[in-house]
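Dear colleague,

I am handing over the structure we spoke about, and below it you will find my notes on what turned up. Please read them with the model open beside you.

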Amino acid sequence: MTTMTTICPRCAHGTLDTLYSSPIPDTWDVLQCQRCHYCWRTSEPERRTRREAYPDGFKLTAEEITSAPEVPAIPPLRTAS
Ligand SMILES: [Zn+2]
């Protein structure tokens with residue numbers, strides 16, 4: 001298991017699930033944050049895998065997650081015209 005990432009790059013949460021590991025041992029893992037559900041593979045670039053390098057515009061705080069509006073409903077399908 002790779003230990004490069006110990007916190008979520010997006011929200012800095014420390015509890016992560018390992019969704020999948022490479023069939024070649026110690027190569028990469030697919031991790032998912034238990035709080036914001038961000039998901040990444042440990043072999044991706046640092047801007048996707050490390051909190052320090054993750055783009056500021058996409059970072060979330062615990063407050064932002066708590067106060068996030070509900071996911072919008074999918075509108076009815078348009079009829080073909
Ligand atoms: Zn997260």
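How many helices and strands make up the secondary structure of the protein? There are two helices and three strands, where helices (H or I, at least four residues) and strands (E, at least two) are DSSP runs numbered from the N terminus. Along the sequence these elements follow the pattern β-β-β-α-α.

Two points on reading the notes come before the rest. Residues are numbered from 1 along each chain as its sequence is written. The model is a predicted one, in which local features need pLDDT of at least 70 and side-chain atom pairs count only at pLDDT 80 or more, while totals for chains, interfaces and linings use all residues.

As for confidence, pLDDT (the predictor's confidence in each residue, from 0 to 100) averages 90 over the protein, and 94% of the residues score at least 70. The mean is lowest in helix 2 (residues 62-66), at 89, and highest in strand 3, at 97.

Turning to overall shape, the C-alpha trace spans about 55 × 30 × 20 Å along its principal axes. The radius of gyration, taken over C-alpha atoms, is 16 Å, whereas a compact globule of 81 residues would have a value near 12 Å, by a globule rule of 2.2 Å times the number of residues to the power 0.38. Of the 81 residues, 10% count as buried, a label that requires 20 or more other C-beta atoms within 10 Å of the residue's own, with exposed meaning 12 or fewer, partly exposed in between, and C-beta atoms placed from the backbone.

The three strands form an open antiparallel sheet in the order 1-2-3, where two strands pair if DSSP finds at least two bridges between them. Strand 1 and strand 3 stand at the edges with a single partner strand each, so one side of each is left without a neighbour in the sheet. Five bridges join strand 1 to strand 2, and threonine 18 stands opposite leucine 31 in strand 2.

Finally, two backbone details deserve a look, because most residues other than glycine have a negative phi. Alanine 12, in the segment before strand 1 (16-21), has a positive phi near 70 degrees, and this residue is partly exposed because 16 other C-beta atoms lie within 10 Å. Histidine 37, in the loop between strand 2 (29-33) and strand 3 (39-41), also has a positive phi, of about 70 degrees, but histidine 37 is exposed, with 12 other C-beta atoms within 10 Å.

With best wishes
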